[in-house]
Amino acid sequence: MKRWLLRLLAAALLTAACPPPTAVPTGPPVVRAVGDLRAADRIVVLVPGVDTTPENFDRGHGDVAHRSPHWQARQLHAACGGRVAVVAWLGYLPPDGIGLAAARSERAMAGATALTGYVRQLATARPHATITVIGHSYGSLVLAYAAARLPVQVTDIVVLGSPGLDVGNADQLRTGARLWVGTAEGDWTRRIPEVRILGLGHGTNPSRPSFGARYLNVSGAEGHDGYFLPGTTSLRSLATVALGES
């Protein structure tokens, strides 16, 4: 039997024997805005994933700059020619590493509630602005649980390097927003087993054509964290969606 299946079965048995993890207080959200939110007609909200903390939010996990949500926001703002305000948002507690919390969805569910509240505040303050929400890694799962509750100003949802969205197809997200999916060739999330058992795993990889999402060209992205690298097709594709030119 394959190792990943043995590990999954062991985790499933552990999950069945133990109660789901309780919610962990997150503290105040970390928000970094690049551009003028008060005047912007287009706004992007970036939602990061596993291993992102308030401490490494600006410098990047492991001191790798391109893992920093704030750095990513600056690159996207520049790629849009300054015409879009970009917000890097951390209002939930992402899992610490690839473990049981990352294989489950409780933290994404809690994050979705917080994200929905934040985006609704943006929409109230800027009712005529168009909003795009981008989720990377586990942050894409946060978007999945928020999708049906986001305000109508959210026209596009983008998921990058997603481990799965806990649904079998795009229609099950129950959103009127366009769903874009990008996964780099070298992204390890392509190798995640597409299963969901007893609340473990996140199901179908949304980059599959049968999932029903729109394809986002992320050529030039490196590994799991390189979707915002300057000069890449990946970053240009994100800018095109953010600008409403897709």
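Rings of Phe, Tyr and Trp (for Trp, its six-membered ring) count as a pair when their centres lie within 6.5 Å. Keep that cut-off in mind as you open this predicted model, because the tour starts with the rings it picks out.

**Stop 1: the aromatic cluster**

Select Trp-89, Tyr-92, Tyr-118 and Tyr-138 and show their side chains; ring pairs link these residues into a cluster. By the rule above, the count comes to three aromatic pairs. Now zoom in on Trp-89 and Tyr-92: their ring centres are 6.5 Å apart and their planes lie at 15 degrees, so this pair is stacked. Are these two residues buried or exposed? Trp-89 is buried, at 2% relative accessibility, and Tyr-92 is buried too, with a relative accessible area of 5%.

**Stop 2: helix α5**

How many of the nine residues of α5 are buried? The count is eight, leaving this helix mostly covered. Tyr-138, Gly-139, Ser-140, Leu-141, Val-142, Leu-143, Ala-144 and Ala-146 are the buried ones. To see what covers them, show β2 (42-47), α3 (100-103), α4, β4 (130-136) and β5 (154-160), the elements that the buried residues of α5 pack against.

**Stop 3: where α4 meets α5**

On the α4 side, select Glu-106, Arg-107, Ala-108, Met-109, Gly-111, Ala-112, Leu-115 and Thr-116. Their partners on α5 are Tyr-138, Leu-141, Val-142, Leu-143, Tyr-145 and Ala-146. Colour this contact by residue class and you will find 10 nonpolar, two polar and two charged residues.

**Stop 4: Val-86 in strand β3**

Move on to strand β3, residues 85-90, and pick out Val-86. Val-86 is buried, with a relative accessible area of 0%. Which residues does Val-86 touch, not counting those up to four places away in sequence? Show Arg-32, Ala-33, Val-34, Val-44, Leu-46, Ala-73, Leu-76 and His-77. Val-44 deserves a distance label: its C-alpha atom and that of Val-86 are separated by 4.7 Å, with the two residues 42 places apart along the chain.

**Stop 5: a charge over a ring**

Finish by selecting Arg-214 and Trp-180. The charged end of Arg-214 sits over the ring of Trp-180, 5.6 Å from the ring's centre.

Key:
Residues numbered from 1 in each chain as written. Predicted model: local features only at pLDDT ≥ 70, side-chain atom pairs only at ≥ 80, totals over all residues. Heavy atoms only, no water. Contact = heavy atoms within 4.5 Å. Helix = DSSP H or I, 4+ residues; strand = E, 2+ residues; numbered from the N terminus. Nonpolar A, V, L, I, M, F, W, Y, C, P; charged D, E, K, R; others polar. Phe/Tyr/Trp six-rings, centres within 6.5 Å; stacked < 30°, edge-to-face > 60°. Buried < 20%, exposed > 50% of the residue type's maximum accessible area, 1.4 Å probe, protein only. Lys NZ or Arg CZ within 6 Å of the ring centre and 35° of its normal.
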